[in-house]
Amino acid sequence: MTMGTRSRNDLVGAKGRVQNALNHWRESLADVTEYWKDSTAERFINDHFAETEGKLQRILITLQEAADLVRAIEKKVADHDYGD
């Protein structure tokens, strides 16, 4: 396994863990909002957690972009003739 492949696999693994965290976040938020339904709950969630899902989504996108970049670099390196 090359260093690039290992890096790409690490990025894909991290993306999977963030996706699991996002899924868990959504489930937990749904549980909380099911039981805590008043205006205080809505205000608290909006004040403290409104950006959480968007930030996790951006992390997922960035990790995918990084993995794609590593793959593109690997391809360029593999396609390059070093004269060996």
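**Aromatic pairs and a buried arginine**

F49 counts as partly exposed at 32% relative accessibility (buried is under 20% relative accessible area, exposed over 50%, partly exposed in between, with a 1.4 Å probe and protein chains only). The model is a predicted one, where local features need pLDDT of at least 70, side-chain atom pairs count only at pLDDT 80 or more, and totals for chains, interfaces and linings use all residues. Residues are numbered from 1 along each chain as its sequence is written, and side-chain values use heavy atoms, with hydrogens and water left out.

Rings of Phe, Tyr and Trp (its six-membered ring) pair if their centres lie within 6.5 Å, with planes under 30 degrees apart taken as stacked, over 60 as edge-to-face and the rest as tilted. That rule gives 3 aromatic pairs. In one of them, W25 and F49 have ring centres 5.4 Å apart and planes at 55 degrees, so this pair is tilted. W25 sits in helix α1 and F49 in helix α2 (residues 39-49), so the pair ties together parts 24 residues apart in sequence; helices here are DSSP runs of H or I, at least four residues, numbered from the N terminus. W25 itself is buried, at 18% relative accessible area.

W36 and F44 make another tilted pair, as their ring centres are 5.7 Å apart and their planes at 45 degrees. Both are partly exposed, W36 at 33% and F44 at 36%. One aromatic cluster takes in W25, W36, F44 and F49.

Back in helix α1 (residues 3-35) there is also R8, buried at 14% relative accessible area. Setting aside neighbours within four places in sequence, R8 is in contact (heavy atoms within 4.5 Å) with A67, V70, R71 and E74.

Key
Helices (H or I, at least four residues) and strands (E, at least two) are DSSP runs, numbered from the N terminus.
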